[in-house]
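Please look at the sequence and the model first, and keep both at hand while reading.

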Amino acid sequence: MRHTWMVAALALVGAAVAGCSKGEGCLGDAAGCRVETPCKSLSWTCEGGSLELKVLAREDEARPGLDALSSAGDVQIGNDQVVAVIAAIGNQNFLDPNGGGLLDLYNRGKDNDSINQVLTVTGILPGDSVRYTKLEILDERPARVAVQVSGTLDGRPDHKVYTRYEVRPCEPGIRIRTEIVNGAPDNAMWALSDGFYWSKREPLPFTPGEGVGFNHPSFNLLTINGAYRTAPFLASTPVTDPAASYALVACNQQVIEGFQSDVVSTGGLVRTVVPPRGYQVYERFLGVAAGRDAAAGASLAQEVRGKLFGEKTVVLSGKVEAPASLAGSGFRTSVLVLEGTAETPAEKRVPWSQAVPGEDGAFRVRVPAGKPWVVEVHHFGKKSVERVFDAVNADADLGTFTLPATAKVRLEVSDTLSGAWLDSEVFLVAADDATRTGAAGTFHGQMGSCSPWLGPPPGASPACNRVLVRSGVAEFEAPLGKFHLYAFKGPFWTLARRTETFTPAGGTYAFRLRELAVQPQGTITADLHVHGAASFDSSLPDRDRVLSFAATDLDVAVATDHDVVYDYSTVVAELGLQQKLSTVTGVETTAHIPWFKIPGSDFPLVIGHYNFWPLAYQPWLPRNGGPYDEQLEPGELFDRADTLYTSSVPVVQLNHPWAEAEFGRDLGFPRALGLNALQDLPAKDDGTVGGMYVRARGKNANNAHHAQEVMNGTENDLLPAYRAFWFYTLSQGQLSTGTANSDSHGLVDNTVGVPRNVVFADTAPGTGFEVDRLNEGIRAGRVLGTNGPVITAELSDKDGTFRPYGFTPVQPGSGSALRLKVSAAPWVPVEEIRVVVNGAVTKTFSGADLQRPGDAFGWEGLVRFDREIPLSELALPAGRDAWVVVEAGAPLPVVGDVGGGFSSETVPHGTKDGIPDTADNDGDGAVTEKDVATGAKVGPMRPPPPPQDEAHPQFHFSQVVTGGYPFAFTNPFILDADGNGRFDAPGAESK
Amino acid sequence: MRHLLLSAALASLPALAEEAAPPAAPVAETVATTDSTPAPVPPAERAPFAASGEGCEVGRAAGLPEGPVPLAWYEADVGTGRRTCGRTEFGVGTRLRAIIDTPGFYGNIGASALLFGSYAFSPRTELFGTLEAYDFQFVQNATLQGTAGTLGQLTVGATHQVFRYGQGGIVSATARLMLPTALSSPTRTVGGEVGAAWSHRFSDRLRFHGFGSVDLTAGLGAAAPLPRVGVHLNGGAEYVVCSGFSAVLDGNLHFGRRALFDTFAPALGLRARLWRGLGLELAAALPLVGAERTDASLGLRLAWRAE
């Protein structure tokens, strides 16, 4: 009895627990719970409002926008204004672990979806995203339709999450409420937010703030905490049509807090330490408005804030007039509206909106009432007009803004021999300093600088300084000045140039191009790595993407969009190119969710990117039928792809093997592992990173790819690293075909088809094209990679028969020789030819060894070198097997291995790994620690700067192969010198 | 790191004992013990433990804390042992707790300012309480960091002697309630703990203690209560170097809060009498094995106690 009071105390606790929990929404995690309707104080009314709710089926395969991802099983909710798609559980896309995220949001009838996905997150770590495991459809018509998803933070079952997506009639967006409880015994650090995965070259985030707008603080994973800012709303601006702008407003908090970048943005609750049993509730309205600017979303956001918080706003309208302008402003004119006065410093002005004038030049923006305004009109990427307005308390017409004169330009490109109109690409290059400065522009400081700036670099033509020419003709508007105009149709055609001064009178400029006889007989050209708008990081419309294939005279383009299979054949047919251009449906798997670790490191990694083709394009399936690629080792991923091919001869390509990680995600498996190219690979998994590279958890080993990129991108900045790694794998006996691809995502980042593969294949582009033949050539190593030079090489065997390069071993004899011919278009300089044996250059031809054409814009002087070289001159290892690669082009840049290998707490400075990591950045002819950028351990690996002197042999080349230098390589001859019928790899020490 | 700290702490124990080794002192002032002498001694030379009625005078030294090291990683004083005898005291303290989980990309530094006290109705019965007057938390994951500081939790409880054996053995029952005073979350946490404390005087300088309890905590509010039940077992020894200084080494086992087996955590306390009834305690606890993520907990307490 003496302990009765103790029992009573415990009973009191129990009673309190049982009786005091209110169980709001689903915070109590009760079975059958319902998340409360979000944003209760928000309402719209309209005539004829309607609601839609359906589970998408196979026949619902429409693609409502450039970023549409919906597939069968996903849930579509909508009204008379908007449509939203919630990914079904198990329909995994990008950063979403298991579905349940917002995949598509667009205006009904506009098909303008411009979001890759919007996810509920508590941070940016893999464990900060939600793994939803249950989806419930809530049909509460006529009031609303909703989807409720529930799960936990990924890998953290103690943190339960419920999210409700809701659409009501008449509303220009979707209401969302998320409830999360910290069920763990530790404090949590949460930034409960919506995460927008823009992923570069896509819509840009816009937030009001002093000196902000589009200009957000830069950050990396370690400094991101300092990049969080509060703002009244988050809007986005698109860079291509069909365009949508988004507006995010918190309903249960006056501001949103988040970080902004062109890769990922967040907006949500203020970062909070949430104690055990603590919870957070985030209610927001995510609106979508058709429009080419942030103003569409920003105006909607302020309308919402007016309803929620009673904020007063006014509408500012005006008109932009551009003398001699072509109809419409495209994306080349932009009006930025900033809070401030003439005296307010630029960094203190607060951008509240940005508008792209319509076809008639008119613009409208909604901004807070009672504030003074500065209105800037930007034209061709430069501020052209600025006017100041006193405090505006009512809707106001700001009048007319007159822009400086520009030039209407017409280009005509035809075939020299046939006179036929040509698809091609024209590059504009400022021809004098005044023009270079006067025509330089950016999109409000974003997406890089161009001179001239004709349009947003990621978007459709004209983009940056280049224009696609369709059927011989292109018309566009340009700033005034003196320009070189280069007409370009790929590396195997002549290059034409005119230097013209653009005046308000405009002009028509004609070019003639001629195909050159440099491509070897029996070959087909292919770019095995291209992206278009289907990729999460591309805004290039399909028409321009396909037109760009034709503009550079590609035979074959393999569609390798990120994580989605895509098929360009319909657009090819629409453009009438099906007789000379073939496309292959494939995918670039792009792992997003870090998970595996290497010995000695705590950081989770992803396996990087791989291309797979051919695959079936099945738009009703998640990823259009592409393989699930998260939390799998490469070999496991290859196993999954094995079930999806449409050919018995598929190709798996390891992409950019040594590219630097982006946003904490590795792009290449070998670099993720931190392989050491100075050490031989083990035969099997021995617990080292080398063992991880070769091991197989299923049927395929992690290094079972057929091809790997040696050249990636037009600039080719990492060529020395990719080349070194390829040589390493060849010396290990891993015979993977070296390839050369553009990895183009638009018209500007890389020029499609530059570089390209010249594949010996018994097929031709067009309706009779056989992908199996192409793939057989690739898998056999019958590939030349090039951005201009063409190498023809054969090697005589012991019987005197000349054999091609490739993976079939050749048994050389004492009299064997290498028959070598190098050709190139006159504008492609070939300054050096190298013969590489087991990774070391053993023979170089340069200077007087090589022929040089007289006229870079002519069509003569194609052959630069044609000679038979006895093998005895190549310093082959006596009596031992070897591999031989031939290269041609410019001398290689001076690079070195400063120590970019594996680093950890115990190896903080990195080990030398045999892979170049730093260029001779100070130009002293050697690579030392002095070349390393301040604050970095290694690097950068910048290519040599483009020549400024027109007399430089690479001057014209560098104008159209932007940032690159001439380079071509053959795949290896495999020499079975000891005659045992197999290739005995020389190993890492052979070099 | 935690192992190094523990090793250093353990290594310092005999050194402290040697350094402060008292002379072959006489013992009790008023109560005869087996080797006592009848002559009275001045107060300053009193032995560390002095026996008296109810057994609770045993070991009482003005200003010198006693019993288990009051250091854990839960709210207020939940999950810490209690002494067997009632005392009247009032004190302030601070407690630091660190979780540095590099592989898990998580860190948490917690600091609490404590107010604590007890009132002894008799040597056998006391009421006690602890308030986290200010609870500060710094939390960092791989990318985000933040702080929070609010009023923390309050516990109130009582201890009552229920059994005595021999001349040095005492068993007490104890219970405490945790009241939802913390303001760090809309969810208020309540709890209770019942248990038993044991102490045994082995000699004038060495005393053993033990504690066992069951605790229950749960949330109040809109969210699920998420009740947690824990079991705490404590055993330790206190060595009195002199009347003004003692050291205590405890072993703590905890189950059920975070996992079936939370931790085995030794704790070391160094106790000193500063002036009359004013005492100081410096303590450290180091979870060595188990699911507990806390790397170390440090405490400093300053208390005045009625003589």
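Of the 307 residues of chain B, 50% count as buried, where a residue is buried if 20 or more other C-beta atoms, placed from the backbone, lie within 10 Å of its own, exposed if there are 12 or fewer, and partly exposed in between. This is a predicted model, in which local features need pLDDT of at least 70 and side-chain atom pairs count only at pLDDT 80 or more, while totals for chains, interfaces and linings use all residues. Residues are numbered from 1 along each chain as its sequence is written, and chains are lettered from A and ligands numbered from 1 in the order in which they are written.

The secondary structure of chain B comes to one helix and 13 strands, where helices (H or I, at least four residues) and strands (E, at least two) are DSSP runs numbered from the N terminus. Along the sequence of chain B, the pattern reads α-β-β-β-β-β-β-β-β-β-β-β-β-β. Among the contacts in chain B with a separation of 6 or more, 56% are between residues 24 or more positions apart; two residues are in contact if their C-beta atoms, placed from the backbone, lie within 7 Å.

**Where the chains meet**

The contact between the two chains takes 37 residues from chain A and 42 residues from chain B. On the side of chain A that touches chain B, the elements that give two or more residues are α1 (4–20) and β18 (272–274) of chain A, and the largest share, seven residues, comes from α1(A). The residues on this side of chain A divide into 20 nonpolar, ten polar and seven charged, with Ala, Val, Leu, Ile, Met, Phe, Trp, Tyr, Cys and Pro counted as nonpolar, Asp, Glu, Lys and Arg as charged, and the others, Gly among them, as polar.

**Sheets of chain A**

Strands of a sheet pair through backbone hydrogen bonds, either parallel or antiparallel. Here, two strands are said to pair if DSSP finds at least two bridges between them. Eight strands of chain A form an open sheet in the order β6-β7-β8-β9-β19-β15-β14-β12, with antiparallel pairing. Its edge strands, each of which pairs on one side only, are β6 and β12 (204–206) of chain A. The twist averages 20 degrees from one strand to the next, where axes are lines fitted to C-alpha atoms, for helices over the stretch in contact, and angles run from 0 to 180 degrees between N-to-C directions. Helix α2 (residues 294–309) of chain A packs on this sheet, touching β12, β14 (234–237), β15 (244–250) and β19 (279–290) of chain A, and its direction makes about 25 degrees with that of β15(A). A hairpin joins β6(A) to β7(A) through three residues.

A second open sheet in chain A has four strands in the order β22-β21-β24-β25, also with antiparallel pairing. The edge strands of this sheet are β22 (350–355) and β25 (382–392) of chain A.

| Strand | Partner strand | Bridges |
|---|---|---|
| β6(A), residues 130–140 | β7(A), residues 144–153 | ten bridges |
| β7(A) | β8(A), residues 156–167 | nine bridges |
| β24(A), residues 371–379 | β25(A) | eight bridges |

Helix α4 (residues 542–551) of chain A is mostly covered, since nine of its ten residues are buried. The buried residues of α4(A) pack against β28 (424–430), β31 (466–469), β37 (556–559) and α5 (569–574) of chain A.

In helix α6 (residues 634–642) of chain A, the buried residues are A:P634, A:G635, A:L637, A:F638 and A:A641. They lie on the same side of α6(A) because they cover an arc of only 155 degrees around the axis, the arc being that of the directions from the helix axis to the C-beta atoms.

Of the 319 residues in the largest nonpolar core, A:A84, A:F233, A:A247 and A:V337 touch the most other members; such a core is a set of buried Ala, Val, Leu, Ile, Met, Phe, Trp, Tyr and Cys residues joined through C-beta atoms within 7 Å. Helix α9 (residues 719–731) of chain A gives the most to this core, with nine residues.

By contrast, A:T400, in strand β26 (residues 396–402) of chain A, is exposed, with 11 other C-beta atoms within 10 Å.
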